[in-house]
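Here is a short tour for a first look. Keep the sequence and the structure side by side as you read.

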Amino acid sequence: MGPERAPGKGVAGLHSDSPLNVLPGLGARRSEMLARLNLHRLQDLYFHLPLRYLDKTRLLQIRELRHGKEGLVCGVLARHEILIRRRRMLELVLQDDSGPLNLRFFHFAHLSKLRAGQRVLCYGTLRWGNQGPEMIHPELRILPPKGPPPLETTLTPVYPTTEGISQYALRGYLGNALRLLRQGTVQLPELLPRELLEQQGFPPLYSAILQVHTPPPGLLSEDPGARRAHPVIQRIVFEELLAHNLALQRIKRQAKQSRATALPNSEAAGTARDELLAQLPFKLTNSQRKVSAEIQQNLARPAPMMRLLQGDVGSGKTVVAAIAVSQAIAAGRQAAVMAPTGVLARQLHQHLQECLAHRLELRIELLSSALTRKQRADLLARIAAGESDVVVGTHSLLQEGIHFPRLALVVIDEQHKFGVQQRFSLLGGKDDTVPHQLLMSATPIPRTLAVCLYADLDVSTLDELPTHRRPVETHVMPNGRRAAITKRVREICLEGNQAFWICGAIEESEATPRRRSAEQAYAELRKLPGLNVGLLHGRMKNQEKENVMERFKQREIDLLVATTVVEVGVDVPNATLMLIEDAENLGLSQLHQLRGRVGRGRKAGTCVLLYAPPLTSIARQRLDAIAHEHNGFKIAEQDLLQRGPGELHGSRQTGMPRTRVVDFATDRHLLPQVAKSAKILLAEHPEQAPQLIARWLPDETIYTNA
Ligand code: ADP
Ligand code: MG
């Protein structure tokens, strides 16, 4: 029962697309926090699946509780005592007919009303301590002395949540949202045809949603795998996969119907390419040559190219992009090149300039946030007048309605950092043609998935590293060795090398007190004598980030403390050493990306993975695997297999499309059936497809008319 409903927030006119702040007690600040969980609309809340459930429907005897298991008991407080040991704590003894249970609290301000002799309901996890069975920080509720204890009728969901939003608050929002659904104030239309539901044995959406959030006891298994396989969950997962498949097919269909400007492989194009290659300080690898030839042929056709170029970190994707760009320019056309961040856009711009440095007449421009208003206006005018040949920028390039009169090629670097929606969208031109698209990614999608997810999209792979590049030697060490390592890092920097020091978080956080933050590491490391230490994290302004990166490149900074914002693409050839704190908390692909930042020059790279002991055996295995495996594809495959469903929100790092309920590790067995169902749906109920896409991929159309 949150605060009063704000004036003007009537219930009338609500629908599943309404923003979350239509719910009581949900203001702008909370809505922003929920947005971090990818919760924006009411329906997002309905599709926010519980991680697990608590069973408060059944009362146990204290003696029936099992070590490590949760349970609900009811009894009388036989003892109430505040002890001062190493720290203050509250100790209670709860007694029922079957025996005593010790309860311990280190924070107990909220329990000031408790007294010995009271009857309480208690829910918590049992463990066997020195003094018999005990619970630490159980949930307590004072009951009247007599009468049956109030039991829940359904299981209590536990949701993935975020800092600032308690489990209790989130349950409250869901409770309110579900009430609207039950009352019929909000409708969640059934979009799957009845035949499909019957054939798959799926319940209708309405009942699946209610059952998944408020399951009656016994409906869902306690085992996460078996629970996932239950039709009420499979039904929701299936629908999301279907929506992705339909979105993909729609884009492919549009692509087939569209025309692109043919960029002929003319004599001029050939000369431009030869000149470009001649002034490179290296020879292309066979792999680069093969992929360039594929792209060259695609571009020469009047149908839009949609090609994904996958290649491990350091496999040399940029030069392949430069060759494609030169073909567009040779045909008198413009190319737009996009990177996910300003830092990367600046670097890509430099890299392309180097590749095309011999063509003095070319205008290769950077649309950066560092431009003054005047510079920016001038640049936009040049682009619109068709004077710019290549424009590099972040995705704002296409968002801001910039007009490219001669645009024929769009290159998207590190495409996995952009949403799935954007990566597959068809970019519409102003005339009746669309540009060719080259998407580049360093986190490959495992082959088994690529077949289903990319379907007929053309995929090229750089499966060979330039010869001089050696794998980054990787060591796994407990964080107790930090002092010794710090000393070594300093020596290595004083020898003229540069190093990265990576932390998972920006600042201290209550939620993860064990993890070292970048600010903490920076405060300590900057004291090292003789070193220039810099700090880079995602909360800094773009301009600041670019400055720090530039100073690191110019070797004004020896040691760069950073969060994982440096993960993609940053190229500093003189950096040879990378240290990663709390490595056990990062995904394997992410670690692989990170370490790909060092050893990019002539000298080999070294990476140290620090972990906080003790490690679980799975974490140990993962770290050992990354230390010994240097093939990005194999790592991506392992990453996928080892990620649990709880880590869904890390999926963006892995090159997988961003999904709401789908976990490709556990759900990929559905893909073949989804593909079949999509075909049938398009043939028999085509009107459902746009609605399904809109429900699950609301941003899918953002770029289609750019
Ligand atoms: P990524 O695929 O990770 O984007 P880059 O395109 O940034 O890799 O290339 C990494 C480095 O390797 C660059 O410094 C680039 O100049 C160099 N490089 C690219 N191709 C070759 C090659 N065939 N031989 C030697 N060095 C190369
Ligand atoms: Mg790159």
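## Ground rules

This is a predicted model: local features need pLDDT of at least 70, side-chain atom pairs count only at pLDDT 80 or more, and totals for chains, interfaces and linings use all residues. Residues are numbered from 1 along each chain as its sequence is written, chains are lettered from A and ligands numbered from 1 in the order in which they are written, and side-chain values use heavy atoms, with hydrogens and water left out.

## Around ligand 1

Which residues come nearest to ligand 1? They are Lys-283, Gln-288, Gly-314, Lys-317 and Thr-318, out of 18 residues around the ligand. A residue counts as near if one of its heavy atoms lies within 4 Å. By class, this shell has 4 nonpolar, 8 polar and 6 charged residues. Here Ala, Val, Leu, Ile, Met, Phe, Trp, Tyr, Cys and Pro count as nonpolar, Asp, Glu, Lys and Arg as charged, and the others, Gly among them, as polar.

A backbone N or O atom of Gly-314 sits 2.7 Å from an oxygen atom of ligand 1. For a backbone N or O atom of Ser-315, the distance to a ligand oxygen is 3.4 Å. Lys-317 uses its side chain: an N or O atom there is 2.8 Å from an oxygen atom of ligand 1. The protein covers 87% of the 570 Å² of accessible area that ligand 1 has on its own. Accessible areas come from the Shrake-Rupley method with a 1.4 Å probe; for residues, only the protein chains shown count as cover.

## An enclosed helix

Helices (H or I, at least four residues) and strands (E, at least two) are DSSP runs, numbered from the N terminus. Buried means under 20% relative accessible area, exposed over 50%, and partly exposed in between (1.4 Å probe, protein chains only). In helix α19 (residues 588-595), 8 of the 8 residues are buried, so the helix is largely enclosed by the rest of the structure. Among them are Leu-588, His-592 and Arg-595.

## Salt bridges

A salt bridge is a side-chain nitrogen of Lys or Arg within 4 Å of a carboxyl oxygen of Asp or Glu. The count comes to 28 salt bridges. One joins Glu-139 and Lys-56, with the closest N and O atoms 2.7 Å apart. Glu-139 lies in strand β8 and Lys-56 in the loop between β1 and β2, so the pair ties together parts that are 83 residues apart in sequence. Glu-139 is partly exposed, at 41%. Lys-56 is buried, at 11%.

Glu-239 and Arg-235 pair within helix α7 (residues 231-257), 4 residues apart, about one turn of the helix. Their closest N and O atoms are 2.8 Å apart. Glu-239 is buried at 0% relative accessibility, and Arg-235 is buried at 0%. Elsewhere, Arg-79, Glu-81, Glu-91, Arg-104, Arg-127 and Glu-134 are linked in a network of salt bridges.

## A buried charge without a bridge

Asp-96 lies in strand β3 (residues 88-96). Asp-96 is buried yet has no salt bridge. The nearest side chain of opposite charge, Arg-63, is 7.6 Å away. Lys and Arg count as positive and Asp and Glu as negative; His and the chain ends are not counted. What lies 2.9 Å from a polar atom of the Asp-96 side chain? The backbone nitrogen of Ile-62 does.

Terms used:
A polar contact is a pair of N or O atoms within 3.5 Å; within protein, one must be able to donate a hydrogen and the other to accept it, and residues adjacent in sequence count only if both atoms are side-chain atoms.
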